[in-house]
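Here is a short briefing on one protein model. Look at the sequence and the structure first, then read on.

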Amino acid sequence: MVSSDPRSGYVALVGRPNAGKSTLLNALIGDKVAIVSDKPQTTRNRIIGILNEERGQAVFLDLPGVHKPLHRMNARMMQEVRSALEEVDVILHLVDTSISWGRGEAYLFNLLEPVRPPVVGVLTKIDLMRAKQDLLPLISRYQERRPESPVVPISALEGDGLGGLAGEVFTLLPEGPPLYPLDLVSTQTERFFVAEVVREKLLHKTRNELPYTTGVVVDLFDESDNLLHLEAVIYVERKSQKGIVIGKGGSMIRAVGQEAREELERIFGAKIYLGLRVKVHPRWRDDPKVLLEMEPGRVDLSESLGDPPENES
Ligand SMILES: Nc1nc2c(ncn2[C@@H]2O[C@H](COP(=O)(O)OP(=O)(O)OP(=O)(O)O)[C@@H](O)[C@H]2O)c(=O)[nH]1
Ligand SMILES: [Mg+2]
């Protein structure tokens, strides 16, 4: 086999809420980069996950699920999606095979119709299918809408089809040097990641009462001691929601805090103190100041990248 020059570029994960984008990102990267839940609209920001291989570097952008925005926060989420569609080199369009496609999916096909980058159809959650032959009509249906797109069925949960998908991605990426240092898996700050893990545990623990109405900001990240001291604020919109988050005698917030702390201790390999507070802010999802505090930030890349090479802007 003739070896080719390494490839690199950006790959957007686009789909309806709950299609399995963040699960796929984590499976491709082999690390927990994005939080996952069974509630729609879990991802609210552009999450970067970087896959480094011999054949190149694929920088995946996990995006919020496409939905109709009713708040400033959601309008920002959809703006993230629209701008990504123009910036990236490859788009993965994730379609959930475990639900019927309907109007939401038609909207996505329309959204993707005029975009410039190549689109790969990714049929997700095939482990939930009763019989493998049920897949063929779905592949045909996808290709009726996008005859030029390859279609790759996957199960991110079982790791099925991921090798083939990575192969499609690297074939479509342009030749070029890596865009990020090779030891980096994400550009989000640890502070943002902590806030996301707390939000994930909240989504897991609370049933359907709260999914859209909580947001988390980490306002202390102190590693000066042997103990990593973290403090976070959980925003809710109403007093009744504060009650749910705190739970009977504080049981809910204790359980959320414990689960988050245990996971973060595993990931950071450090002893952690995690303090959680709840704040009622009726319009936090429309408050630009709060939304800014919830942004993923970016790690400082200047150290690991060194000086920029000459002849490049
Ligand atoms: N059975 C099965 N479930 C999956 C698979 N991939 C994702 N899921 C489940 O689908 C749900 C949604 O997964 P996410 O990865 O959070 O979906 P998402 O597209 O990122 O959702 P948003 O961020 O809300 O847009 C979770 O309960 C996952 O465990 C899969 O391959 N098989
Ligand atoms: Mg997600």
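A cavity is a set of grid points where a 1.4 Å probe fits but cannot get out. For its lining, Ala, Val, Leu, Ile, Met, Phe, Trp, Tyr, Cys and Pro count as nonpolar, Asp, Glu, Lys and Arg as charged, and the others, Gly among them, as polar. This is a predicted model. The briefing covers its cavity, its pockets and its sheets.

**The cavity**

- The structure holds one cavity of 30 Å³ or more.
- The volume of the largest cavity is about 30 Å³.
- Its lining is made by R16, P17, N18, A19, D96, I99 and E105.
- By class, the lining of the largest cavity has three nonpolar, one polar and three charged residues.

**The largest pocket**

- The largest pocket has a volume of about 410 Å³.
- It is lined by 25 residues, and N18, A19, G20, T23 and K125 are the closest to its centre.
- N18 and A19 also line the largest cavity.
- Helix α1 (residues 21-29) gives the most to the lining of this pocket, with three residues.
- The lining of the largest pocket divides into nine nonpolar, eleven polar and five charged residues.

**The second largest pocket**

- The second largest pocket has a volume of about 330 Å³.
- Of its 22 lining residues, N45, F192, L291, M294 and E295 lie nearest its centre.
- The lining of the second largest pocket has ten nonpolar, four polar and eight charged residues.
- Where does the second largest pocket lie relative to domain 1 (7-172) and domain 2 (190-293)? Both domains give residues to its lining, so this pocket lies between them.

**The six-stranded sheet**

- Strands of a sheet pair through backbone hydrogen bonds, either parallel or antiparallel.
- Six strands form an open sheet in the order β2-β3-β1-β4-β5-β6, and the pairing is mixed.
- Why is one side of β2 (47-53) and of β6 (151-153) left without a neighbour in the sheet? These two strands stand at the edges and have a single partner strand each, so one side of each has no neighbour there.
- On average, neighbouring strands of this sheet are turned by 25° against each other, direction ignored.
- β2 pairs with β3 (residues 56-62) in the antiparallel sense, over seven bridges.
- In β3, V59 is the bridge partner of I50.
- Helix α4 (residues 135-145) packs on the sheet and touches β4 (90-96), β5 (119-124) and β6.
- The direction of α4 makes about 155° with that of β5.

**The three-stranded sheet**

- A further open sheet has three strands in the order β7-β8-β9, with mixed pairing.
- β7 and β9 (271-280) are its edge strands, and each pairs on one side only.
- From one strand to the next, the twist averages 20°.
- β7 and β8 (residues 227-236) pair in the antiparallel sense over seven bridges.
- In β8, Y235 is the bridge partner of G215.
- α6 packs on this sheet, where it touches β7, β8 and β9.
- The direction of α6 makes about 135° with that of β7.
- Helix α7 (residues 239-246) lies across β8 and β9 and runs at about 155° to β9.

How values were computed. Residues numbered from 1 in each chain as written. Chains lettered and ligands numbered in written order. Predicted model: local features only at pLDDT ≥ 70, side-chain atom pairs only at ≥ 80, totals over all residues. Heavy atoms only, no water. Pairing = 2+ DSSP bridges. Helix = DSSP H or I, 4+ residues; strand = E, 2+ residues; numbered from the N terminus. Axes fitted to C-alpha atoms, helices over the stretch in contact; angles between N-to-C directions. Contact = heavy atoms within 4.5 Å. 1 Å grid on protein atoms, 1.4 Å probe; cavity = no way out; pocket = protein on both sides within 12 Å on 5 of 7 lines; lining within 4 Å. Points joined across faces, edges and corners; volume = space filled by probe spheres on them. Domains from an automatic or database assignment.
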